[in-house]
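Open the model in your viewer and keep the selection tool at hand.

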Amino acid sequence: MTSRTTSLETRRRLLRWMATSPLLSALGASAALGLRTAMADDEPVASAAEALNVFDLEAAMRARVSPAHFVYMAQGSDASEMLAVNRKGFESIQLRPRRLVDVTDVDMSVELFGRRYASPIALAPCGAQAAFHPEGEVAVARAAKAKDALQILSTVTNFSVEDVTAARGAPVWFQLYPANDWNITRRIIKRAEDAGSPVLVFTVDLAARNLEQIARFDRDANPACRGCHEPGYEASMRKKAMFDGVNLSGMTIGIDGLTWDYVYRLRDATSMKLLIKGIVTAEDAERCIERGADGIVVSNHGGRADVTGRSSIESLREVLDAVRGRVPVLVDSGFRRGTDVFKALALGARAVCIGRPYLWGLGAFGQEGVERALDILTRELRIVMRQMGTPTLADVTPRSLYL
């Protein structure tokens, strides 16, 4: 490590410590403003290993990918207010530590549909990952293999389910955005099933949305974007590997016009386990079970779908109360710390899916960055499990929380 790198790292650590120190409030508003300015001018980490939390990876990604691609990943619906809502939802849940429990060995492994993973932190489906790194979903798959993490592949992946499965060295779960043509949807489902995917994750929360920030780039007319993107929906879909060989004329993807009867159709079309993603109410959780779903993913699409003012972690409680343990419940949206993950597990979630944190790592440092994001959150979860006196996930219950 060079002397300049050492100096930068020392400065960075000092600024971070000061930002969380009680000294800050004692110094007054002007000193606080000066510290925030210094931190804003601080250089991003130069390697994945330097990242101390996932927010370090976010800053590094911002410095490395194009502004349009960063905004596409970072934005939420409308004014992106749901991003803050998701984070604020964790504040109302307090931890309840127990003392003098032997936590020498902490077991974070979890079983999902007959397969055991090293931790309950999974990689959520996120599309178009080549926008953040040339190796996209394949780099993520190699990181998932290295850390024995569950990976869920998006329908709008840049790399095929076959290539991602090969890089992962094991089957991945497959997320479904249905096409308006059932024959195309059925073809995609069959392809995922033939690749060994054991679970189909049907996303149901994107009937419509308003993405203002990326619209300002006007991709179809912006010369900076036209170098990589051909104008038009059909041209963009030709870059998605799961639509290779498909007649894209008139095709769209989404859930417009679909009803709960579509779940029956999917159930009959595949032997894969079927999870419904985007559920946030007790009524819809009940409908999932009535129609034979094998599991539920509580999600508001990371704040990229509707603007409800309610966080995903708050919705989790309602869904879990309705499900009553009949099927596994996973959750995503807004998870950034090990304490966030712990709170969801204590409420009753079987696993927590992260999206932006691993994309920050991917955009900043490729496979190594994704591994670092998983390492950071796993380390933080291990720490809080020790603090709470919960050496296994079975010990993580509502008794670990003040509710």
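Buried here means under 20% relative accessible area. Keep that cut-off in mind, and note that the model is predicted.

**Stop 1: the cysteines**

Select C126. Is C126 buried or exposed? Its relative accessibility is 15%, so C126 counts as buried. Now select C353. C353 has a relative accessibility of 2%, and therefore it also falls in the buried class.

Show the sulfurs of both residues. Which cysteine sulfur is closest to that of C126? The sulfur of C353 is, at 9.6 Å. Start from C353 instead, and the closest cysteine sulfur is that of C126. A disulfide needs a pair of cysteine sulfur atoms within 2.5 Å, so 9.6 Å is too far for a bond. By this rule the count of disulfides is zero.

**Stop 2: helix 4 against helix 17**

Select residues 54-64, which form helix 4, and residues 356-365, which form helix 17. How far apart are their axes? The axes lie 7 Å apart, and the helices pack at an angle of about 45°. Helix 4 and helix 17 are therefore oblique to each other. The crossing of helix 4 past helix 17 is left-handed.

Now show side chains at the contact. From helix 4, pick V54, F55, L57, E58, A60, M61 and R64. Across from them, in helix 17, pick P357, L359, W360, G361, G363, A364 and F365. Colour this contact by residue class: ten residues are nonpolar, two are polar and two are charged.

Note on methods: Residues are numbered from 1 along each chain as its sequence is written. This is a predicted model: local features need pLDDT of at least 70, side-chain atom pairs count only at pLDDT 80 or more; totals for chains, interfaces and linings use all residues. Side-chain values use heavy atoms; hydrogens and water are left out. Axes are lines fitted to C-alpha atoms, for helices over the stretch in contact, and angles run from 0 to 180 degrees between N-to-C directions. Helices (H or I, at least four residues) and strands (E, at least two) are DSSP runs, numbered from the N terminus. Angles under 35 degrees count as roughly parallel, over 145 as roughly antiparallel, 65 to 115 as roughly perpendicular and the rest as oblique. A crossing is left-handed if the near helix is turned anticlockwise from the far one by less than a right angle, and right-handed if clockwise. Contact means heavy atoms within 4.5 Å. Ala, Val, Leu, Ile, Met, Phe, Trp, Tyr, Cys and Pro count as nonpolar, Asp, Glu, Lys and Arg as charged, and the others, Gly among them, as polar. Buried means under 20% relative accessible area, exposed over 50%, partly exposed in between (1.4 Å probe, protein chains only).
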